[in-house]
Amino acid sequence: MENDEFDLPRWCPEPHEGESIASYLVRFRSQEITQISAPSSFSKAIGLGIALTRWEKFRFNPFPSAEEIERFCSFVGLEVEKFVAMLPPQGERMKLEPIRLCAACYAEAPYHRLEWQFQSTAGCSQHRLRLLSKCPGCEKPFTIPALMIEGKCRCGMPYKRMVKRQKPY
């Protein structure tokens, strides 16, 4: 599958344990080697229509087909099993907005966990803290691309400091 605009080496970052597909796609697009600013043009270029845009927003209706998964994985060089692990289990309802996170987890390892967007998840099972949906400093809702600023919110408030504002779960 050749494309002058996206003739990328078959290299991709390794997914983190429990990482959401939205977080992974933003990390993939943000690599120095790829530098793809918008998911829509990349998605269309590899023959996926608007699928990547939907997946970055946790919109899985319809659920990614085997053909879509295979097409993406073969293009970027990712194992199908690793990709599937970043998708919600069939039947798990997703909270599309706002983006939620455990600041304690994010301070330890800055990537978005899939389970944080499950409607059935109210808090972090590891830290026993409720999830945050906005920065306690600037009060702005979290977004996946904004979360990519390592260690802090767009306003500069460190995730470590946000932990103090999380309520016990």
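The buried residues of α4 pack against α1 (21–30), α2 (39–45), α3 (51–56) and α5 (80–84). Helices (H or I, at least four residues) and strands (E, at least two) are DSSP runs, numbered from the N terminus.

This is a predicted model, where local features need pLDDT of at least 70, side-chain atom pairs count only at pLDDT 80 or more, and totals for chains, interfaces and linings use all residues. Residues are numbered from 1 along each chain as its sequence is written, and side-chain values use heavy atoms, with hydrogens and water left out.

So which residues of α4 are buried? In this helix (residues 66–76), they are Glu68, Ile69, Phe72, Cys73, Phe75 and Val76. Look down the axis of α4 and these buried residues fall within an arc of 165 degrees, so they line one face of the helix; the arc is that of the directions from the helix axis to the C-beta atoms. On the face turned away from that buried side you'll find the exposed residues Ala66 and Glu67. Just after α4 comes Gly77, with a positive phi of about 85 degrees.

Most residues other than glycine have a negative phi, and most peptide bonds are trans. Now check out the loop between α3 and α4, which holds both Phe58 and Pro62. Phe58 isn't a glycine, yet its phi is positive, about 60 degrees; with 1% relative accessibility, Phe58 is also buried. Pro62 is joined to Asn61 by a cis peptide bond, with omega about 10 degrees.

Another cis peptide bond runs from Glu97 to Pro98, with omega near -10 degrees. Pro98 sits in the loop between α5 and α6 (103–108). Over in the loop between β1 (123–124) and β2 (129–130) is Arg128, a non-glycine residue with a positive phi near 60 degrees. Arg128 is partly exposed, at 44% relative accessible area.

How many disulfides does a search of the whole structure find? The count is 0, where a disulfide is a pair of cysteine sulfur atoms within 2.5 Å. Take Cys135: its closest cysteine sulfur is in Cys153, 3.7 Å away, so it's too far for a bond. Both are tucked away from the surface: Cys135 is buried at 0% relative accessible area, and Cys153 is buried at 5%.

Conventions:
Buried < 20%, exposed > 50% of the residue type's maximum accessible area, 1.4 Å probe, protein only. Contact = heavy atoms within 4.5 Å.
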